[in-house]
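Keep the sequence and the 3D view open as you read.

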Number of protein chains: 2
Amino acid sequence: MQVSIIAIGDELLIGQVVDTNSGMISREINPDGWSVRSVRVVADDAEEIKRAIKQAFDETDVVLTTGGLGPTKDDITKPTLCELFGGELVYDKAVEANVLEVVRKRGLKINPLTAAQAYVPSSCRVIQNRVGTAPLMWFEKDGKVLVSMPGVPFETQEMFCTEVFPMLKHRFPRKDALQHRTFIVIGYSESVLAGMLDDYEKAMPGNVHLAYLPKPGLIRLRLTGTDTDASRLEAVMAEQSDKLASILGKSLICREDKTIAQILGDMLRDKGYTMATAESCTGGNIAHEITQVAGSSDYYKGSVVSYANEVKEGLLGVDGTALATEGAVSEPVVRQMSEGVSRALNTDCAVATSGIAGPGGGTADKPVGTVWISATKRGQTESKCYHFAGNRDRVINHATTMAQIMLIKMLIN
Amino acid sequence: MQVSIIAIGDELLIGQVVDTNSGMISREINPDGWSVRSVRVVADDAEEIKRAIKQAFDETDVVLTTGGLGPTKDDITKPTLCELFGGELVYDKAVEANVLEVVRKRGLKINPLTAAQAYVPSSCRVIQNRVGTAPLMWFEKDGKVLVSMPGVPFETQEMFCTEVFPMLKHRFPRKDALQHRTFIVIGYSESVLAGMLDDYEKAMPGNVHLAYLPKPGLIRLRLTGTDTDASRLEAVMAEQSDKLASILGKSLICREDKTIAQILGDMLRDKGYTMATAESCTGGNIAHEITQVAGSSDYYKGSVVSYANEVKEGLLGVDGTALATEGAVSEPVVRQMSEGVSRALNTDCAVATSGIAGPGGGTADKPVGTVWISATKRGQTESKCYHFAGNRDRVINHATTMAQIMLIKMLIN
C-alpha cells in the first residue's frame, strides 16, 4: 500500500523548520509493507493545499497531511478540508474535553484560541489527540482516505504510531510482502564499493533492489525485496543478505539499521566495558550522540569537553610542554586527552578529538578540517590524523563518526 | 520569483535521510525576494520524476532538483532529463577533468563508476561541481529553467550559493521587494502570545503577515512584507517591527533570526564573560549547540558531561551525601554541578542539568521528563525544576534550550 504525504506550513517552505514527520511516517510504515510514494511541502494557503490534495489523490488512495492545525491565524487547513469533503465546522464537545485535559496536564490555562481547536468539520471522524490540543481528522470519500494530523513532531509520531497507522492497516489490509535489510559498511567510498558489488548486483533477482546511502565515514546499504509470498521473500532475502555479507567481509560492521553510537554501545555492553570521551573540536557532539541512545548510562560515564587548553591540562592532565611545542591539534595532545579522560573517569575505553572545525583557525600547516583522533582500549591507544572536507558542521559530524569507528575497530580486533 | 523544488531519492522516502537541502535553498533565496512555492520528494524512478517535473512547471518557471546523481545504479535522473529536454548523453571532457581533480584532492583513486559521471545530456549547460563529482546541469526550454544539483547537502549548499543562485538572479531579475524580520520570544505559549497580539495583527497592513514558529521553550515570530517599492517596504517593516517589539517587552530576547546558542554567545562576548557547562541528562547537547557557533572558543571553555555519579563527585566536587540523600536529580546536586564546573574551569558563568530523559529511569516521585537546571553568574546561582513532555530527544532538546534561556535571563538582569 502506498501513501502520499502533504506537509503544510509556511515555516517549512522558508526553511526555519525541517520536515522530519515524513521520514518518521516512512520508517514506521515500511516494515509493514507500506511505503511513501511522494511527499509534498506546501504553504498555509487554501489553493495550494487543495491542489496538493488533488495531485496526491491522483497517485494514491491514502493521503496523510501534517501541520496547518495550530491555534494561530496562519492556519487555514480545516476550512479547506470542509470545502473538499463537505460539511461545515461544528463545535465538538469531546474535542473540547480533550483540549481541556491536555492543557490541564501541561499546567497551562485555557484561552479562546486554544478552545477554538474544538471546531472540526462535520464530515470527518475525529481522532482525539492525547498529547496535544489539535484534533486529528479522518476523511473518507469514494474509497479514498485523508487523515489530517498536527505538525508538532512529537504529537505526530505519538498519534500516528498508536492510532492512525493501526486504523489504516485495518482499513486497507495488505497483500504484497516487503522487506528491507540494512548493512553498515566502513572503509570504502561509494564508487569503490559499487565497483566491488557490480557482479553481485547483476546477479540479483528482479524483485530485489540495492540502494547506497552514503554518510561521512560510512555507507548504509539497503536491500529491498517484494513478493506476493512472504516466506519465499524471507528465503530470498536471507540468501541475498548472506551473499552480500560474505563479499563485504570485515568492512561490514553491522547487519541492522543502527546508528554508529548504537553499534558502539552494543559492543561495549557485550564486553562489559565502560567508556568516556574527551572532546575539543567536536565540542560535545560525540557525548550527545552516545547519550541519545536510551540506556547508554550502562557503559558511558561522561565526557570532558576541553575547548580551552587550560581544561586539557587541568582536568585531563595533558602536558603543558606538548601543548606549547606541538600545539593542541597534535598526536601527543590527543593521545594524552584520550588516556587522561580514561584515567580521570576510570573507564576501560575512551576516544578523544582535537582539530580545527573552522571556518577560522586554520594555518598552512594545519588547515581547517585537520582533526587528530585517538581511541584508547584498556591502556592501549591508537591515533590518526584526518583531513575532513566541508564546513564546520560537516567537520564536526565526520570527526564524531570517525572517532566512534576507531574505537569500534579496536573492539572488533 | 518563485521556485519549486524536487528532491529525488529513495533514501528520502524511506526516511533514512532527511531533506535539509530544500530548507537551505529557502533560507538562501528569501532575503533576495525569492521564495519556494512547493517541495516534492519523489523516488529514483523515471515516471515519478517526470510527473513531478511537469507538476512543478505548472506552478513555477524555475524548478530545482536535488539528488539522483550519484555514481551508483539507483540513479536514473540524467536519462530522464534527456527524455524531457531532448539531446543524448555525451561524454564531457571538462567534467572528466573536474571529476579527476576532485577525486585527487580527496586522496582517492578514479574508477569506472566515478568516471561515468562525465556523461551529461547534450541539451544542458554544465556547471562544474567544485566540491564533488556529480556535475550540475542547467536546462532551459520555453522560458522555463530546470537546474539539476547533487543531493549531498554540503555539495548542494556550496554550489547553489556560489553558482546556481547568482545565475538564476541574473536570468530572472527581481521586481517585487520582500522582507522578513524575526523575533525570538520566551515565556509564552503559542496561544497566549496569539491572544496578546490579536489587536496588533488586526491592525497590520495587508502587505504584512505574521507567522508563529514555536519550538520547545521559545517562539519565533516572523514578520513578512512585500511591496513593489523597497524603501516604502523598509519603512513599513521598521514601523511594524517597533510596534511589535513594544508589545512583546522583556519577553523579546532577540530581534534577529539567531539560535539560542548564538544569542547567549553574543551576550557573553559583549560582557567579556566566559562560561562552562556541566551536563547529566542533556549528555553534551548543550556543549554541542554552543560549539556549533563559529568563534565560540572566545567565551566557551568546556563541559563536564557527568553521566556517572562518580564523575559528578570527582570532577565537579558534588557532595556525596547530597547524591545519596537527595539523589542525582535534585536541587543541591544540580546547583553544586553548576558551581563546581564554574570553579573547575575557572569561568564567570555556567549552566548544569540533571534529569531523567527516559524512556527508563522514572519514578512516581521523579517521572520521566523531570529535569533540574541551574545557572551560575559570578558566584550567584539560580535553580529550577522542570517537567518536560515527550520522548527522550524532546526532553534533551527542551532542557538544552531552557538551560541556555535561564542563563540569558540572568545576563539580561
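## The second largest cavity

By class, three nonpolar, two polar and four charged residues line the second largest cavity of this predicted model. Ala, Val, Leu, Ile, Met, Phe, Trp, Tyr, Cys and Pro count as nonpolar, Asp, Glu, Lys and Arg as charged, and the others, Gly among them, as polar. The lining includes A:Glu59, B:Arg51 and B:Gln55. E2 of chain A, E2 of chain B and helix H3 (46–59) of chain B each give two or more residues to this lining. The space amounts to about 30 Å³.

Some terms are needed here. On a 1 Å grid over the protein atoms alone, a cavity is a set of points where a 1.4 Å probe fits but cannot get out; a pocket is an open set with protein on both sides within 12 Å along at least five of seven lines; lining residues have an atom within 4 Å of a point. Grid points are joined across faces, edges and corners, and a volume is the space filled by probe spheres set on the points. Helices (H or I, at least four residues) and strands (E, at least two) are DSSP runs, numbered from the N terminus.

## The largest cavity

How much space lies in the largest cavity? About 230 Å³. It is lined by 18 residues, and A:Asp19, A:Val41, B:Val18, B:Asp19 and B:Val41 are the closest to its centre.

Both chains take part: helix H2 (21–29) and E2 of chain A, and helix H2 (21–29) and strand E2 (35–42) of chain B, each supply at least two lining residues. H2(A) gives the largest share, three residues. The lining has 10 nonpolar, five polar and three charged residues.

## The second largest pocket

This pocket holds about 690 Å³ of space. Its lining counts 28 residues, with A:Gln2, A:Ser35, A:Val36, A:Leu178 and A:Thr226 nearest the centre. E11(A) gives the most, four residues. By class there are nine nonpolar, 10 polar and nine charged residues.

## A four-stranded sheet

E11(A) also belongs to an open antiparallel sheet, in the order E10-E11-E9-E12 (chain A). Strands pair if DSSP finds at least two bridges between them. Strand E10 (208–215) and strand E12 (252–254) are the edges, each pairing on one side only.

Eight bridges join E10(A) to E11(A). In E11(A), A:Ile219 is the bridge partner of A:Pro214.

## About the model

Residues are numbered from 1 along each chain as its sequence is written, and chains are lettered from A and ligands numbered from 1 in the order in which they are written. In this predicted model, local features need pLDDT of at least 70, side-chain atom pairs count only at pLDDT 80 or more, and totals for chains, interfaces and linings use all residues, while side-chain values use heavy atoms, leaving out hydrogens and water.
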